Amino acid sequence: MRSFNHTPFQSTGYWVQPGDVLVVSYYATGAAPSRVPEIWIHSIDDDTWNYDSDQKVKLATGSTTITATKTGAVYVSVFNDPTGGEMNVEIVSGGRVMPRFVLGQHSAADWTQMLATYGNAPYAELVGKRTMLTATLAKAKKHVDDPVALLQLWDRVVDLEDEQYGIRPGNAWPHNPTPHRFHFVELSPYTGWMYSWQYRMASASDDGAIGAVLNAGKLATDGWGPWHELGHQYQMSTMTWADQTEVTVNLSSAYVQRALGQPSRYETQGTWTKTFAYLAQPGRDFAAQSDLFVRATMFWQLDLAFGRDFYAKLGTNYRNMPAAQRPATDAARKQTFVIETSRVASYDLSGFFERWGIPVDAATKSTLSAMGLQPLSAPIWDNRDSNIRYKFY
């Protein structure tokens with residue numbers, strides 16, 4: 001139910017120029033893969049949906065020779081279902097080495113040496129357990145302060161966002177973590193700030209943007225943007241109605257910010273003051289509220305009132321929802337959200353949503369009544385990060 005596929009890329013640490021000849025060896029054990037692996041020669045400034053400008057070559061068992069037609073990093077792209085065996089791809093010859101730091105294999109001193117030795121490469125890459133970061137060599141040199149700390153922190157951020165939505169190692173599918181990494185790339189031509197899309201999250205080359213991706217200190221204390229873009233990779237269409245894509249994504253940033261011991265953005269930037277001013281109005285229309293962060297605090301109040309595992313339970317319920325029961329329209333998504341959040345809370349939350357200016361229709365109220373839920377008498381809409389007055393956990 002997510003919008004984007006994870007990257008299929010497995011890092012090789014090589015790059016090529018036009019005319020370079022790669023010799024690639026591929027062997028597999030177990031069942032034949034549903035789709036053979038491919039070599040993709042990828043320029044990191046490609047911002048098409050499926051990396052349409054990449055040179056893509058399917059690998060035959062044994063040896064494959066590839067003549068590069070463009071400058072780019074060399075990746076093994078893997079799309080197959082599990083085979084019960086192993087797939088081994090080796091760049092036998094022809095690749096140019098770029099700085100490539102692998103968590104658990106290299107030290108900070110190794111990274112410094114790589115940057116000096118392979119200073120003619122266009123890119124540098126850092127590979128963690130859950131993440132992969134690719135940037136121009138110049139920005140990697142400028143911003144990566146501690147490659148070990150950086151990748152450990154990124155892996156923790158991914159684990160936290162998994163945790164928020166009930167995705168944990170050892171869980172049965174679809175509640176288990178993806179085996180693929182999340183990929184954050186520097187997109188040199190991009191004139192915006194950051195975005196999240198198919199296969200990747202991308203940052204502009206502006207130092208304020210890419211610095212928060214590549215610098216461990218900034219990611220820990222000023223990483224709302226990168227945490228936010230990762231959050232887009234977790235959003236589920238069934239619980240995201242119109243104009244909420246840039247709203248509910250902030251649940252992830254807020255969750256990570258709290259877990260890292262940072263003060264809430266909603267507190268430090270005055271969002272709660274705006275929230276309570278809106279809630280004090282005699283007539284409220286959630287859909288007409290233009291401040292995305294004010295809207296975000298409604299969703300966050302459910303976490304504050306019902307616990308940090310609230311969205312883990314909710315996400316699990318949504319993933320378990322039979323396809324025929326999944327809401328297909330915006331109106332249905334709103335009403336389903338009222339029902340499913342009430343189910344997780346064990347309280348009838350219709351009053352909470354009405355207070356926020358989201359109408360609850362008669363059919364939903366009938367469903368809630370039949371569920372035998374407790375009435376919600378506490379005004380949980382008064383909760384804020386610094387003063388959680390009403391807790392149910």
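This is a predicted model: local features need pLDDT of at least 70, side-chain atom pairs count only at pLDDT 80 or more; totals for chains, interfaces and linings use all residues.
Residues are numbered from 1 along each chain as its sequence is written, and side-chain values use heavy atoms, with hydrogens and water left out.

**Overall fold**

The protein chain contains 15 helices and 16 strands; these are DSSP runs, helices being H or I of at least four residues and strands E of at least two, numbered from the N terminus. Its radius of gyration is 23 Å, close to the 21 Å that the globule rule gives for 393 residues, so the chain is as compact as a globular protein of that length. The radius is taken over C-alpha atoms, and the rule is 2.2 Å times the number of residues to the power 0.38. The C-alpha trace spans about 70 × 45 × 35 Å along its principal axes.

Of the 393 residues, 52% count as buried. Buried denotes under 20% relative accessible area, exposed over 50%, and partly exposed the range in between, with a 1.4 Å probe and protein chains only. Among contacts between residues at least 6 apart in sequence, 72% join residues at least 24 apart, where contact means heavy atoms within 4.5 Å.

Two packed helices are described by the angle between their axes and the distance between the axes. Here the axes are lines fitted to C-alpha atoms, for helices over the stretch in contact, and angles run from 0 to 180 degrees between N-to-C directions.

The axes of α3 (residues 147-164) and α6 (residues 224-232) come within 11 Å and cross at roughly 45°. That angle makes α3 oblique to α6; angles under 35 degrees count as roughly parallel, over 145 as roughly antiparallel, 65 to 115 as roughly perpendicular and the rest as oblique. The crossing of α3 and α6 is right-handed, a term for a near helix turned clockwise from the far one by less than a right angle, anticlockwise being left-handed. On the α3 side the contact is made by Trp154, Val157, Val158 and Glu161, and on the α6 side by Pro226, Trp227, Leu230 and Gly231. By class, this contact has 6 nonpolar, 1 polar and 1 charged residues. Nonpolar covers Ala, Val, Leu, Ile, Met, Phe, Trp, Tyr, Cys and Pro, charged covers Asp, Glu, Lys and Arg, and polar covers the others, Gly among them.

The axes of α3 and α8 come within 10 Å and cross at roughly 120°. This makes α3 oblique to α8, and the crossing is right-handed. Arg156, Val157, Leu160, Glu161, Glu163 and Gln164 in α3 meet Leu251, Ser252, Tyr255, Val256 and Ala259 in α8. The residues of the α3 and α8 contact divide into 6 nonpolar, 2 polar and 3 charged.

Val256 belongs to α8 (residues 250-259) and is buried at 0% relative accessibility. Beyond four places in sequence, Val256 touches Val157, Leu160, Glu161 and Trp227. The C-alpha atoms of Val256 and Leu160 are separated by 6.4 Å, although the two residues lie 96 apart along the chain.

**Individual residues**

The following table gives the relative accessibility of selected residues.

| Residue | Relative accessibility | Class |
|---|---|---|
| Gln301 | 0% | buried |
| Tyr51 | 0% | buried |
| Tyr199 | 8% | buried |
| Arg168 | 44% | partly exposed |

Gln301 is placed in helix α11 (residues 292-306). Leaving aside neighbours within four places in sequence, Gln301 is in contact with Trp272, Phe276, Phe352, Trp356, Ile380, Trp381, Asp382 and Asn383.

Two of the tabulated residues have a positive phi without being glycine. For Tyr51, phi is near 55°, and the residue lies in the loop between β3 (38-42) and β4 (55-58). For Tyr199, phi is about 75°, and the location is the loop between β13 (194-197) and β14 (200-203).

Arg168 lies in the loop between α3 and β12. Apart from residues up to four places away in sequence, Arg168 touches Glu163, His175, Asn176 and Pro177. Arg168 and Ala312 are 144 residues apart in sequence and 9.8 Å apart in space, C-alpha to C-alpha. Pro174 is also located in the loop between α3 and β12 (182-186), and a cis peptide bond with omega of about 10° joins Trp173 and Pro174.
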